[in-house]
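Try each task before reading its solution.

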Amino acid sequence: MSEMVFESVTDLERVANALHRAQKITALTGAGVSAASGIPTFRGADGLWKKVRAETLATPEAFENDPKLVWEWYDWRRQMVAGARPNAAHDVLAQWTREQSGFTLITQNVDGLHEKAGTERLIRLHGSIWHVRCWQRCTAGRRDWRDDTTPFPTLPPRCPHCGGIVRPAVVWFGESLDASDVARATEATDCEVFLTIGTSAVVYPAAGLVHQAKRRGAFTVEINLEPTEASHVVDVALHGPAEKILTNLAALGRSGSD
Ligand code: OAD
């Protein structure tokens, strides 16, 4: 049975035309782009934050209090993500970054699926679930490193340099984002087309990027399953699964919809 996509053809064509003409395009993605890969979103109907309270797991205080419990949650998510494949949404976006040097992708996702799809110039605002760093901030373990071990034989995993515990290199509630990532993302809002895709647009500073892009004169587009906080800000809102809408936009681009 084919799925219905609730979007107006005219709006889809407007977006395809804008993408076709633009030299500088920026897209911001959220958990919705990985939904079709089987990764639960945070705030959707079956979202992760519906089952656990963010403050009980995704804060430095929670980690300080019970690192094993926090790691059990991340270890479970790492195992889930390890078996996941990029879907059409990741593939279309990755292809656009490879084909157009002016296309920048910013993601709030930590799952690594944009990287797996071969994305270029990716800005990861919330870190990576595949990276860790020393919780004690020992000199050698202060910088993030990649560790693909899954599942970890014992939790919490240990720092190979000092023997202390390591933490996931993701941004937790109450923590600052990496200043250089924020600077690069802010710079990327100076674009002709800005797409906000698969995000509920409630977590700042990421959610502020579409506002900045609009102020700087970009044509702004939301692609999301349902209306969000960004819907009233954007020039066009396309509501439906991102993997379908992006596939349709890519097909319109190929057929030269100008
Ligand atoms: P959310 O879970 O808040 O929002 C995901 C959005 O994707 C929802 O609006 C869904 O309707 C939509 N969605 C679901 N399936 C979709 C599909 N197939 N196509 C298009 N849209 C779909 O996730 P984020 O906005 O990414 O931060 O959450 C932002 C941040 O909050 C996360 O990075 C995480 C979380 O707390 C940290 O962990 C720091």
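**Exercise 1. Find how many cavities of 30 Å³ or more a search of the whole structure gives, and describe the lining of the largest cavity.**

Step 1. The search of the whole structure turns up one cavity of 30 Å³ or more. A cavity here is a set of points, on a 1 Å grid over the protein atoms alone, where a 1.4 Å probe fits but cannot get out.

A note before going on: this is a predicted model, in which local features need pLDDT of at least 70 and side-chain atom pairs count only at pLDDT 80 or more, while totals for chains, interfaces and linings use all residues. Residues are numbered from 1 along each chain as its sequence is written, and side-chain values use heavy atoms, with hydrogens and water left out.

Step 2. The largest cavity holds about 120 Å³ of space, a volume being the space filled by probe spheres set on the grid points, which are joined across faces, edges and corners.

Step 3. Its lining has 13 residues, and Ile39, Phe42, Arg77, Val110 and Asp111 are the closest to its centre. Lining residues have an atom within 4 Å of a point.

Step 4. Sorted by class, the lining of the largest cavity has eight nonpolar, three polar and two charged residues.

**Exercise 2. Work out which domains supply the lining of the largest cavity, and how many residues of domain 1 and domain 2 are in contact.**

Step 1. Domain 1 (1-39 + 86-126 + 179-258) and domain 2 (40-83 + 127-170) each give at least three residues to the lining of the largest cavity. These bounds come from an automatic or database domain assignment.

Step 2. The centres of domain 1 and domain 2, taken over C-alpha atoms, are 27 Å apart.

Step 3. Contact (heavy atoms within 4.5 Å) links 16 residues of domain 1 with 15 residues of domain 2.

Terms used: On a 1 Å grid over the protein atoms alone, a cavity is a set of points where a 1.4 Å probe fits but cannot get out, and a pocket is an open set with protein on both sides within 12 Å along at least five of seven lines; lining residues have an atom within 4 Å of a point. Ala, Val, Leu, Ile, Met, Phe, Trp, Tyr, Cys and Pro count as nonpolar, Asp, Glu, Lys and Arg as charged, and the others, Gly among them, as polar.
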